[in-house]
Amino acid sequence: MRHLIGIEDLSVAEIEALVATAEDIIDNPAKYAEVCHGKKLASLFYEPSTRTRLSFEAAMIELGGSVIGFSEAQSSSAAKGESVADTAKVISCFADIMVMRHFKEGAPMVASLNATVPVINAGDGGHNHPTQTLTDLLTIKREKGRFDNLTVGLCGDLKFGRTVHSLIAALSRYTGIKFVLISPTELMIPDYIKHDIIEKNGIDYVETTDLEAVMPELDILYMTRVQRERFFNEQDYIRLKDSYILSQSKLNLAKSDCIVMHPLPRVNEITVEVDSDPRACYFKQVLYGKYIRMALIKMLLEAAK
Ligand code: NCD
């Protein structure tokens, strides 16, 4: 049984095949309209979500399948004390594939060890978010045309931002990558990512607090929200939340072909005026998320046959 818990569960060749399938879906949607006919996706969201949940649900519907699930832990048996392991066994009786978002790091992994159908991690605490990374990779392919020889600025909450952790793991498998890690000192990238992924793969990187200084060298600027729900103390969140605000005047320092990405939701970290700059890609990124999730659901269901 194949699952997607961390992005490293997929080889580089498999990721590129998923990107190619997503691009074919964009060009030929009718070809895929029935590939999941009669199949059910269970969407199990223990944490808030707009894009990830609805893009998975839209993806399954556009593949001809159907969707069951819940969008808050309080409306599931988790509120009665059911374990993730038991829920995974139960859902395996109803659905052909399940997607889980959970506030606890490792919960989708526990589900995968107990399920008899494929499990997809849709974000586990401050840990990983592999399907956002697939979304980001499709965006990079469509907008930059390559995964190598890129200087990638990652800005904001690099400590708790799970999308950043998974994206670093994916891009660290390519050559000519340089990461520019821009954050307040309290929100720097965790050591396990720095040592076990970036340094282990011999990837070039710098850490800085100064967004404007590094702006001219970036091919991609990946902005993130300060992850309020992961803070122990509201005062710290309030102090750090507006550390970086990308305005048009700051973006004017960037290359003419630098793209701006953001997993969304945006709070204050990109001003609305930037949305109309042709380099702003974050709303296109949302749409790409649906296509890559279609490709992923198709792949995992085929592997489960
Ligand atoms: C991200 C997440 O949930 O980690 N959102 C998303 O899935 N697009 C980013 C965030 O919430 O800041």
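Q: Where is Pro265 found?
A: In this predicted model, Pro265 is in the loop that runs between strand 9 (259-261) and helix 11 (282-303). Helices (H or I, at least four residues) and strands (E, at least two) are DSSP runs counted from the N terminus.

Q: Is the peptide bond from Leu264 to Pro265 cis or trans?
A: That bond is cis, and its omega is near 5 degrees. Most peptide bonds are trans.

Q: OK, ligand next. Which residues surround the ligand?
A: The ones with a heavy atom within 4 Å are Arg51, Thr52, Arg101, His129, Gln132, Arg162, Thr163, Arg225, Gln227, Pro263, Leu264 and Pro265.

Q: How far is Arg225 from an oxygen atom of the ligand?
A: A polar side-chain atom of Arg225 is 2.8 Å from a ligand oxygen. Gln227 also has a polar side-chain atom 2.8 Å from an oxygen of the ligand.

Q: And what about Leu264?
A: There the backbone is involved: a polar backbone atom of Leu264 lies 3.0 Å from a nitrogen atom of the ligand.

Q: Which elements give two or more residues to the shell?
A: Helix 2 (51-62) and helix 6 (162-171).

Q: Why does the ligand lie between domain 1 and domain 2?
A: Because domain 1 (7-128 + 286-303) and domain 2 (130-285) both contribute residues to its shell. The bounds come from an automatic or database domain assignment.

Q: Switching topic: what's the phi of Asn149?
A: Asn149 has a positive phi of about 50 degrees, though it isn't a glycine. Asn149 sits in the loop between helix 5 (130-144) and strand 5 (150-155).

Q: Which numbering and cut-offs apply?
A: Residues count from 1 along each chain as its sequence is written. Local features need pLDDT of at least 70, side-chain atom pairs 80 or more, while totals for chains, interfaces and linings use all residues, and side-chain values use heavy atoms, without hydrogens or water.

Notes
Polar contact = N/O pair within 3.5 Å; in protein donor to acceptor, adjacent residues only side chain to side chain.
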